[in-house]
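Student: Could we go through how some of the helices pack in this one? I'd like to take it pair by pair.

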Amino acid sequence: MMRYSYPYLIYIFAFGVVPFVGAFALLGVNLKSAFSIFSIVPVREVIINTLIFSFFTALLSAIIGTLLALSVDMMRRGSRLVSLLTMLPYTVPFTSSALIWTISLYGKFGWFSYLFHVPFDPLYLSSTSIWAVTGVSVWSSIPISFLVVLSSLKAIPKEVKEASLVDGLSVSQYYGKVAIPMIGKAFWISFLLQFVLAMGNFDLPYVLTQGGPGYSSTTLPLLVYTEMFLSGNFSGGEVIAAILGVMASLPALALIFLFRSRRKKFLPSINLRIPDGLFKVLVYLSSSVVLFLLDFPVYWMILVAFRDSSLDFRAPPVLIPTSPTLNYFLSSLEGAVPYLITSVVVGILASLLTILLALPASYEASRKGHNWMLFLSIYLYSLPAASFVIPLYLVFVSANLINTWWALILSTPIFTATFATWIFFNYFLDFPKAYDDAASVFGIRRKLTRLVFPLSKGTTFTVFLLSFVFNWHLLFYPLIFANTPYNMKLPPEGALTITVYALDSIGNESLNWGLLASSALVAAFPVMIVTMIAIDRVLRYDQRSGLKFV
């Protein structure tokens with residue numbers, strides 16, 4: 001009997017499994033037309049770009065995230081502040097991130113180009129564009145890698161660290177010989193998770209370069225979008241979506257294998273013999289440099305949004321607050337109202353649907369040992385949005401749901417509900433079985449609503465916030481499933497989100513950086529507040545509100 005799991009299973013099959021399989025079925029409708037794309041587009045170059053983008057995003061974010069996690073784990077004071085500063089880029093939607101870096105890399109006028117003596121804009125050269133886009137992706141991805149590894153470090157019993165130090169191990173030896181091998185699984189989970197997420201990342205390449213110059217920074221998700229919705233080549237887009245689905249399946253399956261593995265050591269021991277004082281200085285110094293690179297772009301966004309546009313194109317760039325003004329921010333905020341309403345409504349309703357689907361299913365699966373449900377959820381969560389989009393688009397067209405809130409509310413939980421199932425499943429593994437026994441002894445009916453939901457409210461609230469953040473960040477689905485902003489009437493019509501509004505400001509890039517930065521800030525600021533609340537709860541790492549990734 002799986003009564004609690006039925007709604008969740010019906011949903012993921014209807015909006016995940018069936019569309020994913022349907023993408024391959026649609027491929028066979030017109031094979032000749034479909035495969036003609038190989039003579040039109042340099043698909044091999046696009047695949048290489050996707051692998052470069054995904055692999056280096058995953059590798060660098062995992063390594064840097066681990067360094068920052070070690071730094072925070074060593075701290076006695078200020079660890080929460082440093083953690084929140086590390087998570088700051090995660091609070092910024094990909095669209096806003098791309099807009100920030102567009103003006104940060106702008107030749108001699110951008111702060112990054114100035115400080116690091118880059119005499120050109122790497123986004124506009126075919127030899128450097130994919131590497132520049134990858135660098136921005138690493139910047140956006142470090143926080144999640146940090147969070148996954150830090151949660152694993154915090155899970156190491158204090159007795160282990162105390163025993164190591166009593167046995168005469170230095171701090172560097174403890175981390176090299178004990179901690180790093182124990183967090184090896186978390187490191188590789190972080191790597192594989194970032195790999196599959198980067199493989200499906202549409203937002204950054206689209207906003208930063210639109211895939212150019214030529215195809216030098218085009219990735220597979222971007223090619224799916226351009227072929228389907230810009231060129232009208234649905235069959236060609238289906239071929240690319242199928243290729244992307246197969247490629248993404250490999251790391252997704254590796255991620256599942258990693259979860260199933262009972263092996264304890266996934267990283268080798270490192271025999272570091274560095275004096276404690278020097279080791280801490282090296283770790284803290286390198287972490288300080290990384291933190292500067294993580295947080296200064298957010299400062300730059302705020303600085304440019306609230307200053308006069310006459311200061312934009314100056315060399316060297318003005319890096320301190322000068323000539324403050326609210327004009328651009330207020331102008332952006334006024335125009336953003338209908339987009340903000342859509343993002344808030346979709347974010348709240350999709351997040352509620354996520355909780356209602358995922359929590360009961362996770363509770364039942366953890367109690368009955370249905371690990372296959374967890375693995376299926378992780379697999380679907382790992383697949384790129386482009387793997388589902390064509391069948392979903394056709395269904396929404398036939399159901400007259402295009403350009404409505406419902407298209408976004410129904411489609412996005414395939415990612416948030418599967419992620420929530422992963423988190424809830426791990427949470428309920430530690431949920432005391434005494435509660436179940438007490439419910440049986442006292443004959444408590446409706447155990448789910450009267451017992452499980454109230455006792456899980458801390459984790460439920462945290463998952464709700466993270467789901468809301470995910471929905472706020474979306475760009476790919478709103479671009480495809482919506483055409484116009486909310487009409488400010490009832491019944492509602494129009495479903496473009498705040499990320500699309502921020503994207504529209506890119507047309508003003510060469511004229512007014514203040515308008516561009518303020519649009520990015522309007523899109524980012526509400527969710528920055530929500531994310532900081534959510535992350536602060538996660539960083540407490542307690543039974544009531546902490547999240548377990550491993």
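Tutor: Gladly, and keep in mind that this is a predicted model.

Student: Which residues make the contact?

Tutor: On the H10 side they are Lys185, Trp188, Ile189, Leu192, Leu193, Phe195, Val196 and Met199, while H13 contributes Leu244, Met247, Ala248, Pro251, Ala252, Ala254, Leu255, Leu258 and Phe259.

Student: And what does that contact look like by class?

Tutor: The contact of H10 with H13 has 16 nonpolar residues, no polar ones and one charged residue. As background for reading such lists, an α-helix has 3.6 residues a turn, so residues three or four places apart point the same way.

Student: How many residues of H10 are buried?

Tutor: Of its 16 residues, 14 are buried, so H10 is largely enclosed by the rest of the structure. Its reach from first C-alpha to last is 23 Å, close to the 22 Å expected at 1.5 Å a residue.

Student: Switching topic: at what angle do H15 and H21 pack?

Tutor: Helix H15 (residues 327-368) and helix H21 (residues 447-455) pack at an angle of about 90°, with their axes 12 Å apart, and H15 and H21 are therefore roughly perpendicular to each other. The contact is formed by Ile355, Leu359, Pro360 and Tyr363 from H15, together with Lys447, Leu448, Val452 and Phe453 from H21. By class, those residues of the contact of H15 with H21 divide into seven nonpolar, no polar and one charged.

Student: What about Thr460, where is that found?

Tutor: Thr460 is found in helix H22, and with a relative accessible area of 13% this residue is buried, since the cut-off for buried is under 20%. Leaving aside its neighbours within four places in sequence, Thr460 is in contact with Ile355, Leu359 and Phe424. Ile355 and Leu359 also belong to the H15 side of the contact with H21.

Student: How far apart are the end C-alpha atoms of H22, and how many of its residues are buried?

Tutor: The end C-alpha atoms of H22 (residues 457-473) are 24 Å apart, which agrees with the 24 Å that its 17 residues should span at 1.5 Å a residue. As to burial, 14 of the 17 residues of H22 are buried, so this helix is largely enclosed by the rest of the structure.

Methods: Residues numbered from 1 in each chain as written. Predicted model: local features only at pLDDT ≥ 70, side-chain atom pairs only at ≥ 80, totals over all residues. Heavy atoms only, no water. Helix = DSSP H or I, 4+ residues; strand = E, 2+ residues; numbered from the N terminus. Expected span 1.5 Å × (residues − 1). Buried < 20%, exposed > 50% of the residue type's maximum accessible area, 1.4 Å probe, protein only. Contact = heavy atoms within 4.5 Å. Nonpolar A, V, L, I, M, F, W, Y, C, P; charged D, E, K, R; others polar. Axes fitted to C-alpha atoms, helices over the stretch in contact; angles between N-to-C directions. Parallel < 35°, antiparallel > 145°, perpendicular 65-115°, else oblique.
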